[in-house]
Amino acid sequence: MELTPEELLAGSAVTFDVTIPPEIWRPGNINSSEELVVQLRPLTIGTFGLIMKAAKTDPGLIPLLMIKESLVKPKLSLEQVKGMHLGLVNFLIAQIRQISGLSEKKSPPGS
């Protein structure tokens with residue numbers, strides 16, 4: 001079966017509902033059982049290239065820009081993303097990498 005260009009590009013338009021466990025979005029609040037659902041879309045190569053270019057002088061911006069560009073609902077500004085706690089950032093980055101088809105980062109040999 002041959003794919004059409006439209007079929008190949010369709011995956012970048014898909015959105016995913018991701019449930020954030022309460023221990024991630026509210027660390028330390030052991031009484032909370034409420035889950036938060038956000039909507040993410042995969043990063044395209046074009047968007048990822050722009051992120052890499054924008055973060056050339058400050059690599060710390062890469063995860064923040066990845067979240068800003070992938071997060072569909074709720075839509076957040078870069079300043080709002082900067083206000084997220086590290087655990088939430090790590091969780092969202094892992095989810096974005098998965099839905100974007102990026103493999104896990106590999107540790108250098110001997111580390």
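Buried means under 20% relative accessible area, exposed over 50%, and partly exposed in between, with a 1.4 Å probe and protein chains only. Keep that in mind. This is a predicted model, where local features need pLDDT of at least 70, side-chain atom pairs count only at pLDDT 80 or more, and totals for chains, interfaces and linings use all residues. Residues are numbered from 1 along each chain as its sequence is written, and side-chain values use heavy atoms, with hydrogens and water left out.

Let's start with the sheet. Helices (H or I, at least four residues) and strands (E, at least two) are DSSP runs, numbered from the N terminus. Two strands pair if DSSP finds at least two bridges between them. Here we have an open sheet of three strands, in the order 1-2-3, with antiparallel pairing. Strand 1 and strand 3 are at the edges with a single partner strand each, so one side of each has no neighbour in the sheet. On average, neighbouring strands are turned by 45° against each other, direction ignored. For angles, axes are lines fitted to C-alpha atoms, for helices over the stretch in contact, and values run from 0 to 180 degrees between N-to-C directions.

Now the pairs. Strand 1, residues 16-20, joins strand 2, residues 36-40, through five antiparallel bridges. Val-18 has Val-38 as its bridge partner in strand 2. Asp-17 has Gln-39. Strand 2 also pairs with strand 3, residues 71-73, antiparallel again, over two bridges. There, Leu-40 stands opposite Leu-71.

What lies across strand 2 and strand 3? Helix 4 does, running at about 35° to strand 3. Helix 6 packs on the sheet too, touching strand 1 and strand 2, and its direction makes about 150° with that of strand 1. Contact means heavy atoms within 4.5 Å.

Stay with helix 6, residues 86-99. Its 14 residues reach 20 Å from first C-alpha to last, close to the 20 Å expected at 1.5 Å a residue. That expected span is 1.5 Å times one less than the number of residues. Its buried residues include Leu-88, Phe-91, Ile-96 and Ile-99. The buried residues of helix 6 pack against strand 1, helix 2 (22-25), strand 2 and helix 4 (61-70). Just after the helix, Gly-101 takes a positive phi of about 75°.

Is Ser-70 buried or exposed? It counts as buried, at 0% relative accessibility. Leaving out residues up to four places away in sequence, Ser-70 touches Gln-39, Leu-40, Arg-41, Leu-43, Ile-96 and Ile-99. A polar atom of the Ser-70 side chain lies 2.6 Å from the backbone oxygen of Arg-41.

Last topic: charges. Side chains of opposite charge can pair when their charged atoms come close. A salt bridge is a side-chain nitrogen of Lys or Arg within 4 Å of a carboxyl oxygen of Asp or Glu. How many salt bridges are there by this rule? Two.

One joins Glu-69 and Lys-68, with the closest N and O atoms 3.7 Å apart. Glu-69 is partly exposed at 26%. Lys-68 is partly exposed at 24%.

The other joins Lys-82 and Glu-79, at 3.4 Å between the closest N and O atoms. These two sit three residues apart in helix 5 (residues 78-82), so about one helical turn separates them. Lys-82 is partly exposed, at 42% relative accessibility. Glu-79 is exposed, at 57%.

Definitions and conventions
A polar contact is a pair of N or O atoms within 3.5 Å; within protein, one must be able to donate a hydrogen and the other to accept it, and residues adjacent in sequence count only if both atoms are side-chain atoms.
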